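Here is a short briefing on a predicted model.

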Amino acid sequence: MPAPIRLRELIRTIRTARTQAEEREMIQKECAAIRSSFREEDNTYRCRNVAKLLYMHMLGYPAHFGQLECLKLIASQKFTDKRIGYLGAMLLLDERQDVHLLMTNCIKNDLNHSTQYVQGLALCTLGCMGSSEMCRDLAGEVEKLLKTSNSYLRKKAALCAVHVIRKVPELMEMFLPATKNLLNEKNHGVLHTSVVLLTEMCERSPDMLSHFRKLVPQLVRILKNLIMSGYSPEHDVSGISDPFLQVRILRLLRILGRNDDDSSEAMNDILAQVATNTETSKNVGNAILYETVLTIMDIKSESGLRVLAINILGRFLLNNDKNIRYVALTSLLKTVQTDHNAVQRHRSTIVDCLKDLDVSIKRRAMELSFALVNGNNIRGMMKELLYFLDSCEPEFKADCASGIFLAAEKYAPSKRWHIDTIMRVLTTAGSYVRDDAVPNLIQLITNSMEMHAYTVQRLYKAILGDYSQQPLVQVASWCMGEYGDLLISGQCEEEEPVQVTEEEVLDILESVLISNMSASVTRGYALTAIMKLSTRFTCTVNRIKKVVSIYGSSIDVELQQRAVEYNALFKKYDHMRSALLERMPVMEKVTTNGPTEIVQTNGETEPAVLETKPPPSGLQPTSQANDLLDLLGGNDITPVIPTAPTSKPASAGGELLDLLGDLNLTASPASVPAPQISQPPFLLDGLSSQPLFNDIAAGIPSITAYSKNGLKIEFTFERSNTNPSVTVITIQASNSTELDMTDFVFQAAVPKTFQLQLLSPSSSTIPAFNTGTITQVIKVLNPQKQQLRMRIKLTYNHKGSAMQDLAEVNNFPPQSWQ
Amino acid sequence: MIRFILLFSRQGKLRLQKWYITLPDRERKKITREIVQIVLARSQKMSSFVNWKDLKLVYKRYASLYFCCAIEDQDNELLTLEVVHRYVELLDRYFGNVCELDIIFNFEKAYFILDEFIMGGEIQETSKKSAVKAIEDSDMLQETMEEYMNKPAF
């Protein structure tokens, strides 16, 4: 058998391959040769073959059949074999391999070898990829080597110990004695690795941390020597002595000084010294300054030092090197909360970074800018941010728009400015605005009553030329529907009023309806807006009627339903139309935590028209539950307002207090009274905010309230012994068909002597095959102890079509109401 | 710590890979592909740092080779650039005016040098002289063995 070809020869040959296929062929041929050579247990050329295998592995080819060969090489006496064997082990024999543990014995022997370079190989392998078991077995050997006087081995043992601790944290204690003298070393390698070891121990154990605090003076001394000492060619990097060690010491000081006044004080001077004396012309000096700044900001440093740190970051921002600018922005972002004023001083530099060419720098500058916006600088900052929104990459636009909305909401100097800003965002980045910002904006607009005419005029002009940006069109449609009368009357005070006719307004709304660019939701907005105009416009009512009737046969089910209902409004309930389509009341708002919060209102944000008799109490935000008035036939029924499923997953239990909190308890900025709620106050008294009673009356049988077409609804009951007029019904809706039921809405109505409250359902989708249920809680107040009866209405989507059903529930067990 | 180091050419060919964490081979290949793509797509105007998953990638190009380190969140990016530079200097000192071909044909030496500089993702030696001396002494040990065995190793 001829000698296997040499490694370099193989590499040269493979590189001559012109195609991937050719390369693969060469590799396969060589692999076959190597395999047979392995089978023959050839000791002489094993090393060469494994080396070749490792090369092919790097090219991406499988090399697992070489694993055992690596083990044999490691066990060999020849240094060359061991070198390649250990390299192979590190590349092919990680802890996930079965044969990994077979290395343990070899490594153990080699850790005690007479040649330090062999010991070094063993330490390196163990320290790079030893498994937990291996670490456990060999930790003792490592600990021994940590105490040796041979600095070559000591430094490697230190890092090996770090790896052992990372893999088996319980073994940390064992290395404690050996750390005693580590910092007394002169050898930089040992010093560096010792600092790494100490850092690892302090990060993992608070006890170790307090134990090692006493090292602070020594660390400070070492650092001082590094800075003050003269030129040391061995460790010099661009005039700075051992920057790697300096940075590591600074990092350890950071950990030791955190939350500790004494330690922080002990390092104050050296930090100031490093901060002021370090040469900043090259990257290496800035690396040290960066670490210094991080340390200063993290420990309990005095304010002068903190200001010094922020100023360093400010100088970084002006540096030509983009890496340094990047690092500065990242750090400023971390400190802006705690040292807000200091960072404010660098605001203009930060804002300039918005124009940087690097995407990551731009993103950080944007985040930082938002963090720095306040009441004083809002106008100037907004100008810059709007300009940024205009010119930035698409991936930023959504976040930037959200940020602008939030900032505007918090610090708007005037309503007009606020609306102008919103308009600007909608027109520049209208298609990137998050969908849930639309209700927010609408609510904002309704709140600024004096600006209605101005707003609708601007929105009209904005979509005149281009109605492709959905959020913009939605807001504009809504406003035109609501304030169309102001638009055509030319009442605007804030700017030159436009001359618009009713026909022109309808033209644009109809274009939106027809356009292919309009999303289904947008069309809904447009249709409703057109309908509302029927009471605000005088000459074009016939045109509106025509449009509405056309959409009565639209393929889009949502549009169809709306059109049909609006049609009914024209035909059967024309006398109610003006009342129903009156101006929307001001919507109440929960304080938003962020621009993505949905406005919680009692019902939907846009009016859904009723096809029923008007509810007895005047203006209410409309809701579909009032349909039930018709169903239950007569005036002896109280309407119920169910809460619409919120965007957040609601718990099935009753958050009664939360619910009422949403609905009205905060004072609104406008003077319009909040929408009325039909629940009388004493429902609150009787019930705690916990979903279930603590003193639950014993087992009331549950009933199946409804079962049809695969949809089953079960009622379970709970009553309180202390408050017997309240019954809590938990409904569970399940679906035995093979397709999910979506957009499920449950509504209920009870006779007048009862009071009923429906809480948020757990979701609006019932999964198929009974794999899950929707739960919802109903609270019934029955002071007169009358027999409970209930009418329910169910709507959902199933198999692509909208389903609806009504039913009466009469089989309530006597225990639930007596 | 440094989680892994990748060296690759401008065409995306891997020249060296050192992993300080345990991952299945398939996962490593996937990560390598992804990162090579990200780094090669970056322009000159961009910084040397990329936020990738929960790690920071620090890369620098030397002639036709990209050196890329993945570090953890608390590590100093600017210093990592110095670490990369130091490694290149060590290679240069060893090979004398190192170029990509040296690393291709002597990849095992590149690994040996790296293993004298970094271990377990942390720096073990900050002196250029000491690191190179260790390699040269080891080489000497190897050659001595070869002479003794009277056979070329590989």
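**A:Asp242**
- A:Asp242 sits in the loop between β2 (240-241) and α13 (243-257) of chain A. Helices (H or I, at least four residues) and strands (E, at least two) are DSSP runs, numbered from the N terminus.
- A:Asp242 is buried but has no salt bridge. Buried means under 20% relative accessible area (1.4 Å probe, protein chains only). A salt bridge puts a side-chain nitrogen of Lys or Arg within 4 Å of a carboxyl oxygen of Asp or Glu.
- B:Arg86, the nearest side chain of opposite charge, is 6.4 Å away.
- The side chains of A:Asp242 and A:His188 make a polar contact at 2.5 Å.
- Leaving aside residues up to four places away in sequence, A:Asp242 touches A:His188, A:Leu226, A:His235 and B:Thr126. Contact means heavy atoms within 4.5 Å.

**A:Arg83**
- A:Arg83 lies in helix α5 (residues 79-92) of chain A.
- A:Arg83 counts as buried because its relative accessibility is 3%.
- Beyond residues up to four places away in sequence, A:Arg83 touches A:Leu121, along with B:Phe112, B:Ile135, B:Ser138, B:Asp139 and B:Gln142.

**Helix α8 of chain A**
- Helix α8 (residues 132-146) has a kink of about 55 degrees, centred on A:Leu138. The bend is the angle between axes fitted to the seven residues ending at a residue and the seven starting there.
- Buried residues of α8(A) include A:Met134, A:Leu138, A:Glu141 and A:Leu145.
- The buried residues of α8(A) pack against α6 (103-111), α7 (116-129), α9 (151-167) and α10 (188-204) of chain A.

**Conventions**
- Residues are numbered from 1 along each chain as its sequence is written, and chains are lettered from A in the order in which they are written.
- Local features need pLDDT of at least 70, and side-chain atom pairs count only at pLDDT 80 or more, while side-chain values use heavy atoms, without hydrogens and water.

Terms used
Buried means under 20% relative accessible area, exposed over 50%, partly exposed in between (1.4 Å probe, protein chains only). Lys and Arg count as positive and Asp and Glu as negative; His and the chain ends are not counted. A polar contact is a pair of N or O atoms within 3.5 Å; within protein, one must be able to donate a hydrogen and the other to accept it, and residues adjacent in sequence count only if both atoms are side-chain atoms.
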